[in-house]
Amino acid sequence: MSMYDIIIIGGGPAGLTAAVYARRAFKSVLVLEAKSCGGQIINTPDIENYPTWEHISGFDFATRLTEQAKILGTEIKLERATDIKTDGEIKTVFTPHGSYTARAVIIATGSAPRKLGLPNENELIGRGVSYCATCDGNFFRKKKVAVVGGGNTALEDALYLSDIANTVYLIHRRDEFRGETSTVQKLKERENVSFVLNSSVTALNAEKGLKSIEVTSNSGAASTIEVSGLFVAVGRIPETRSFAAVAELDDIGYAASDENCRTKTPGIFVAGDNRQKEVRQLVTAAADGAVAAAGAIKYLSEN
Ligand code: NAP
């Protein structure tokens, strides 16, 4: 079995950018991707905040980045990495199909938004249902939208959207917010923000796109709210569970790393939405990929 210089786990923007940097340094690179390359950016209809692109669809962005990595000689296998074992400098990454070895590993597995679990939620992604207000908010200019959740993400999403949308309904299952009181106060001062508390979204009504949502209060009373956008902000789930032995994880599951994306294990790096940081955007995922690859290249030269 041949050994790679670097195995990258995850073929999203962070992992593929790491591959581009590693291949340009002539390192042998294997990307292991569980589903299909591109990551969650594929779900974004229009990217307007990535430098040099005024508009590009998430699908086109992901396709171009995958092609760029392939043209540079990146090997990609569609296999889910389930474990990493270290033996000195040798790292073995396991998948259901076998195992692969490398001297350095970059874990770029991203994080998945927690979903509401409603029957047609998945098919309405990009047609009214969104998990990213800063990505998709502009599509709902002067329209009615709802945000569901009670943490800082939901509160900040509601504040952000209140500058764009006509009306923002903030729907939370309790009457107390997990997020910061000062942000709740700012929201109360916004005339176009309406609080819907002690309530859950229980159905999504759609024709071509989202038309309205059914909201059920904790006492059982149901009502319909007409919205064309629903921003789901009920927490995220970092895809790090399989790697707890090699990277320190916080309570939520985000991996700890230094500013060079190094984990506690020499030669193992994290990049993208699965690491502890403040800003999780396409551009910061790509930046992490470059930083982690540079770190891995340096590690290989020193060990
Ligand atoms: P979070 O703090 O875990 O909040 C998730 C919210 O969603 C909670 O209010 C929770 O309700 C609700 N929820 C969970 N599952 C639900 C379901 N199935 N249906 C309806 N509601 C559900 O997640 P987050 O807001 O994404 O924040 C994650 C972390 O990042 C937090 O530590 C947060 O403080 C931090 N963050 C910080 C900033 C900032 O500092 N500027 C900005 C964003 C996020 P309950 O409250 O009832 O459990």
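**View 1. Arginine 280 over the ring of tyrosine 254.** In this predicted model, arginine 280 lies over the face of tyrosine 254, 3.9 Å from the ring centre. A charge sits over a ring if NZ of Lys or CZ of Arg is within 6 Å of the ring centre and within 35 degrees of the ring normal.

**View 2. The aromatic pair of tyrosine 50 and phenylalanine 61.** The structure holds three aromatic pairs (Phe, Tyr or six-membered Trp rings with centres within 6.5 Å; planes under 30 degrees apart are stacked, over 60 edge-to-face, the rest tilted). Tyrosine 50 and phenylalanine 61 form an edge-to-face one, 4.9 Å centre to centre with 65° between the planes. Both residues are buried (under 20% relative accessible area; exposed is over 50%, partly exposed in between; 1.4 Å probe, protein chains only).

**View 3. The aromatic pair of phenylalanine 177 and phenylalanine 195.** Here the ring centres are 5.9 Å apart and the planes stand at 70°, so this pair is edge-to-face. Phenylalanine 177 counts as buried at 17% relative accessibility, whereas phenylalanine 195, at 25%, counts as partly exposed.

**View 4. The surroundings of asparagine 166.** Asparagine 166 counts as partly exposed at 40% relative accessibility. Beyond its neighbours within four places in sequence, asparagine 166 is in contact (heavy atoms within 4.5 Å) with Lys142, Lys143, Lys144 and Asn192.

**Notes for these views.** Residues are numbered from 1 along each chain as its sequence is written, and side-chain values use heavy atoms, without hydrogens or water. Local features need pLDDT of at least 70 and side-chain atom pairs count only at pLDDT 80 or more, while totals for chains, interfaces and linings use all residues.
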